[in-house]
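Here's a friendly walk through some features of the structure below. Have it open while you read.

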2 protein chains.
Amino acid sequence: MAQTTRTRIVILGGGFGGVYTAMALEKRFRGAAHVDLTLVSKENYLVFQPMLPEVLAGSIGLLDVITPIRRLCPRTTLYTRTVEAIDLANHRVTAPAGFGSQHYSLEYDHLVLALGNVTSFAGQPGLREHALPFKNLGDALALRNHVLHVLEDADIEPDPAVRQALLTFVVAGGGFSGVEVVAALNDFLRQVAKHFRHITPADLRVILLQAGERLLPELPTRLARFAQGILEKRGVDIRFHTRLHGATAEAALLVGGERLPTRTLVSTVPSAPNPLVAGLPVVTERGRIVVNEHLEVPGYPGVWAVGDGAWVRDATTGAPCPPTAQHAIRQARCVGENIAATVRGTARRAFAFTALGQLGSLGHRSAVAEIGGVQLSGCVAWWLWRMIYLGKLPGLDRKVRVMTGWLLDLVLPPDIVQLKTDRACTIRREHYEPQQVICREGDPGDWLYIIVAGELEVHRHVPDQGERLQRRLGPGECFGEIAMVTHHPRTATVRSRTAADVIALDRDAFGALFTTLPPLRHFVEQLMTSHLGPLPLDAGAAVGTGHGAPH
Amino acid sequence: MAQTTRTRIVILGGGFGGVYTAMALEKRFRGAAHVDLTLVSKENYLVFQPMLPEVLAGSIGLLDVITPIRRLCPRTTLYTRTVEAIDLANHRVTAPAGFGSQHYSLEYDHLVLALGNVTSFAGQPGLREHALPFKNLGDALALRNHVLHVLEDADIEPDPAVRQALLTFVVAGGGFSGVEVVAALNDFLRQVAKHFRHITPADLRVILLQAGERLLPELPTRLARFAQGILEKRGVDIRFHTRLHGATAEAALLVGGERLPTRTLVSTVPSAPNPLVAGLPVVTERGRIVVNEHLEVPGYPGVWAVGDGAWVRDATTGAPCPPTAQHAIRQARCVGENIAATVRGTARRAFAFTALGQLGSLGHRSAVAEIGGVQLSGCVAWWLWRMIYLGKLPGLDRKVRVMTGWLLDLVLPPDIVQLKTDRACTIRREHYEPQQVICREGDPGDWLYIIVAGELEVHRHVPDQGERLQRRLGPGECFGEIAMVTHHPRTATVRSRTAADVIALDRDAFGALFTTLPPLRHFVEQLMTSHLGPLPLDAGAAVGTGHGAPH
């Protein structure tokens with residue numbers, strides 16, 4: 001076994017596929033000083049996705065569903081980075097510099113691609129801007145904060161229609177993740193609503209959109225019916241044969257034209273292959289990398305792929321593996337064995353694995369399960385769910401923390417604190433459908449808008465004549481600058497004539513850019529002059545007259 | 001007691017002063033249907049600041065130091081808003097709209113100002129851009145994430161000087177908060193360092209800067225010495241007679257000219273009165289609102305002030321009250337009684353309170369305390385600290401959670417997950433001292449820079465001649481656009497000639513603005529043409545030739 005050269009193994013991806021491959025390789029190469037293991041992951045932790053809905057409900061601590069990767073594979077060098085480029089021809093992967101001095105270039109002898117898939121809202125107007133994904137821990141926290149924020153607002157909202165929209169929560173997708181999210185969200189909402197003075201649980205509308213005619217197509221009909229019954233009993237409004245078309249900041253838009261006014265739209269449906277994979281010269285099937293029975297990429301010896309991003313055929317059944325954690329973990333072990341076999345010149349094995357079963361949580365003490373052909377539902381399935389996933393949760397300390405969380409959850413009320421950690425998100429994209437109001441006469445002007453696509457109309461209230469059209473605005477035009485400069489309220493209402501995309505800048509971003517960069521200063525000065533006549537504009541951007549300006 | 005008109009009481013501020021005033025008023029007016037209580041707070045929770053350093057160390061859960069305000073004062077209407085304006089003449093407070101329909105205008109009969117103070121780095125160059133404050137929960141989380149991020153980077157950093165800077169942690173301020181933060185930070189660092197493959201505790205430098213000649217000027221010398229001894233034994237390098245002058249992204253700058261290379265600078269020193277208070281027509285003393293012995297603002301009957309933002313003289317001693325939670329809580333109770341007395345036409349009482357004592361945590365099982373004139377230090381003081389603050393922590397559920405956290409902390413290892421929730425912070429401000437590198441030839445170009453103040457130099461490496469000055473850049477000029485458009489590496493190094501402030505935009509912000517807004521597109525096209533000769537520039541911002549462009 002004496003080797004003279006080092007073997008460099010680089011693993012890309014910090015999900016189950018990547019991390020379990022590193023764990024398998026650490027085990028296979030225990031004490032082997034000639035093997036360098038490197039893992040590149042966007043986060044320094046592994047997210048235990050089955051428990052993500054529990055973070056939303058607050059029944060376990062925020063950090064308890066994630067395990068530090070360094071603890072799981074202590075002998076692997078971890079790069080907490082987003083992979084920038086993969087160069088299969090030169091056996092090299094690059095990652096950007098962080099606080100440190102330089103760009104990283106990692107050379108490999110073996111490369112394991114475990115990049116999974118990403119959330120993609122392409123093709124659905126407004127979803128990228130306004131839908132909330134639910135895939136990683138950041139998404140769960142963002143959704144939780146968002147929900148608390150709309151409840152805060154609903155509690156003090158005087159307009160009944162706006163209040164109803166604030167208290168409407170829409171989840172799109174009736175598969176496992178959609179059902180688990182809507183169950184957790186519904187439980188959480190109904191529990192916390194009682195802490196708000198002016199909200200009762202009866203005010204809440206929680207809607208689940210499902211394109212097909214039943215929930216959970218992955219499970220037998222009996223279990224799907226059971227899940228449907230539980231959710232409906234707990235107040236979830238399930239809409240079958242209903243598909244999401246798009247979204248605006250104020251509504252979910254359904255295929256067929258219906259408009260559901262809401263401020264909270266969660267979409268669990270869309271996932272797309274990692275864009276890094278799309279750029280590789282490898283054979284793919286539905287965006288997933290095709291591998292041979294040893295999980296190696298044909299034509300690229302030493303390059304392997306596992307997990308949701310790999311197209312793996314089971315050696316026994318010949319069927320493609322579904323994108324589940326169970327399969328990713330087994331593939332990771334197999335690839336670990338096969339890399340070790342390659343390094344040592346011994347025989348590789350073909351991948352084969354039959355799924356053990358499926359489990360879906362329905363929130364408060366209920367679940368559905370199919371294990372080894374046996375169908376279970378209700379409290380028994382829920383206990384099984386908790387025991388199985390507690391067992392699978394990596395790391396003893398996490399198990400203890402989650403168990404403690406569950407115990408405390410039995411006796412303590414849920415948390416209703418809204419955790420804001422964002423410091424300065426100053427530029428955002430927005431999507432509007434025709435006839436939506438972008439800003440309203442009389443409101444304070446805290447945003448500058450730049451039109452990317454579509455056409456808008458500027459209306460102003462004229463005494464004795466009502467609202468009158470002033471002019472139209474198109475792509476590249478911008479509005480709202482005068483209210484920013486003068487601090488006066490908007491003196492016109494801007495409405496979309498067609499579907500429109502805009503970029504909105506807040507006061508900080510406006511101040512930073514438009515007072516510093518000469519072409520922008522001149523642009524704003526010209527714009528204001530054309531509306532107001534000549535006026536002085538200081539670098540401080542806080543002067544101006546602004547009487548009756550149409551913004 | 002039959003009253004015909006309603007009494008509207010509005011409280012501004014969600015710290016101890018504001019929340020305890022609401023609690024006191026709920027108690028005084030129990031069952032009184034004619035009193036409307038409203039509290040406006042930026043967050044929907046009260047932060048229990050004494051335990052904030054424990055969040056940093058991870059010994060208690062992230063959410064356990066905060067208590068939902070709705071739980072503490074369930075009969076008060078909570079507006080989770082930043083106050084926009086206070087109009088004392090018209091008895092009105094305004095707050096911006098959230099997701100809801102409109103701007104809020106709140107009229108009051110009694111107004112309690114409990115706005116506290118804010119972090120302010122005015123007058124210290126680079127601190128606003130690069131120093132980390134430590135005042136609220138967001139700050140504690142941001143610091144924790146930042147520290148984990150630099151450890152991640154140090155673990156894979158090949159350059160020894162950069163690595164040393166990454167592993168240097170500077171805290172400015174040797175008062176209570178500085179000492180508590182440095183103690184918690186030091187404990188945390190030394191505990192987690194062992195999970196990083198290439199970092200040992202001996203590599204860490206933790207430095208505390210103190211302007212005076214001793215720590216904790218609030219406490220007797222003996223206790224300060226004790227604290228100093230504990231911190232030094234645990235590896236903290238304490239620099240007396242040392243004052244912070246400013247900061248850059250890569251160093252803390254000391255008065256006298258010394259430069260401490262670091263990526264982590266925590267400043268606990270600066271706090272300034274809330275800017276809303278500065279705009280009020282009331283008498284202030286050092287920015288704090290002067291009140292009479294009943295805590296009412298002279299000249300404005302029905303307007304009261306409590307907490308850190310109020311200048312209160314103790315009725316017994318005549319001395320001004322220090323800005324502590326103890327005092328804020330007692331003032332809140334007094335103002336609650338006095339508002340009730342005013343409404344009911346009974347006698348008010350003058351505020352008087354003698355502080356019970358002072359406690360300071362030194363991290364791992366050590367503290368200093370002075371209570372009723374008795375001085376305590378070490379483990380006894382630490383037990384006292386935990387028991388007293390556990391008792392003061394509002395809410396039984398929090399007490400249970402914190403106790404559980406402390407118990408788990410005894411047996412489980414600390415968390416080393418880095419929690420990123422920021423989605424898109426795309427514009428940032430940076431400060432440079434003379435002769436700093438802003439971008440380096442050969443690096444990838446991920447930022448566009450706009451100069452706000454100062455002068456920069458563009459250098460390029462010329463074969464056989466070394467680095468040569470190409471030209472100078474001044475305020476309003478921008479650079480880095482070509483690397484953004486062409487995706488080529490930087491072909492020049494830009495260095496500050498004088499102290500300089502710049503705005504940096506990332507690729508997303510650049511793409512959104514510079515391809516949408518015509519004056520900016522023209523500006524970038526002109527800029528590139530002047531450097532490269534004519535070239536096509538598509539709206540997609542991904543084209544261009546960029547050979548040898550000086551950016």
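## A sheet in chain A

In E31(A), A:Cys478 is the bridge partner of A:Ile450. Strand E28 (residues 447-453) of chain A and E31(A) pair in the antiparallel sense over 2 bridges; two strands count as paired if DSSP finds at least two bridges between them. As for the labels, helices (H or I, at least four residues) and strands (E, at least two) are DSSP runs, numbered from the N terminus.

Zooming out, we get an open sheet of 4 strands in the order E26-E33-E28-E31 (chain A), with antiparallel pairing. Its edge strands are E26 (427-432) and E31 (478-479) of chain A, and each pairs on one side only. Packed on the sheet is helix H14 (residues 507-514) of chain A, which touches E26, E28 and strand E33 (500-506) of chain A. Contact here asks for C-beta atoms, placed from the backbone, within 7 Å of each other. The direction of H14 makes about 80 degrees with that of E33(A). Axes are lines fitted to C-alpha atoms, for helices over the stretch in contact, and angles run from 0 to 180 degrees between N-to-C directions.

## Before we go on

This is a predicted model, where local features need pLDDT of at least 70 and side-chain atom pairs count only at pLDDT 80 or more, while totals for chains, interfaces and linings use all residues. Residues are numbered from 1 along each chain as its sequence is written, and chains are lettered from A and ligands numbered from 1 in the order in which they are written.

## Domains of chain A

The domain assignment of chain A, which is automatic or from a database, gives domain 1 (7-42 + 81-118 + 272-355), domain 2 (127-267 + 358-411) and domain 3 (427-532). Between the C-alpha centres of domain 1 and domain 3 of chain A there are 49 Å.

## Two helices packing in chain A

Two packed helices are described by the angle between their axes and the distance between the axes. Helix H1 (residues 16-28) of chain A and helix H10 (residues 325-344) of chain A pack at an angle of about 35 degrees, and their axes are 8 Å apart. H1(A) passes H10(A) in a right-handed crossing: a crossing is right-handed if the near helix is turned clockwise from the far one by less than a right angle, and left-handed if anticlockwise.

Who does the touching? On the H1(A) side the residues include A:Phe16, A:Tyr20 and A:Leu25, and on the H10(A) side they include A:Ile329, A:Val335 and A:Ile339. By class, the contact of H1(A) with H10(A) has 11 nonpolar, 4 polar and 3 charged residues. In this scheme Ala, Val, Leu, Ile, Met, Phe, Trp, Tyr, Cys and Pro count as nonpolar, Asp, Glu, Lys and Arg as charged, and the others, Gly among them, as polar.

## Strands in chain B

Now over to chain B. Strand E6 (residues 85-87) of chain B pairs with strand E7 (residues 92-95) of chain B in the antiparallel sense over 3 bridges, and B:Ile86 has B:Val93 in E7(B) as its bridge partner. Their hairpin has 4 residues between the strands, and in it B:His91 takes a positive phi near 55 degrees. E7(B) also runs antiparallel to strand E8 (residues 104-107) of chain B, joined by 4 bridges; there, B:Val93 has B:Leu106 as its bridge partner.

Strand E11 (residues 168-172) of chain B pairs with E17(B) in the parallel sense over 4 bridges, with B:Val171 opposite B:Val266. Both faces of strand E17 (residues 264-267) of chain B are covered: B:Thr264 and B:Val266 on one side, B:Leu265 and B:Ser267 on the other, all buried. A residue is buried if 20 or more other C-beta atoms, placed from the backbone, lie within 10 Å of its own, exposed if 12 or fewer, and partly exposed in between.

Most residues other than glycine have a negative phi. Phi of B:Leu295, however, is near 75 degrees, and B:Asp464 has a phi of about 70 degrees. B:Leu295 lies in the loop between E20 and strand E21 (303-305) of chain B, and B:Asp464 in the loop between strand E29 (456-462) and strand E30 (466-473) of chain B.

Which is buried or exposed? B:Leu295 counts as buried because it has 26 C-beta neighbours inside 10 Å. B:Asp464 has 4 C-beta neighbours inside 10 Å, so B:Asp464 counts as exposed.

Terms used:
Two residues are in contact if their C-beta atoms, placed from the backbone, lie within 7 Å.
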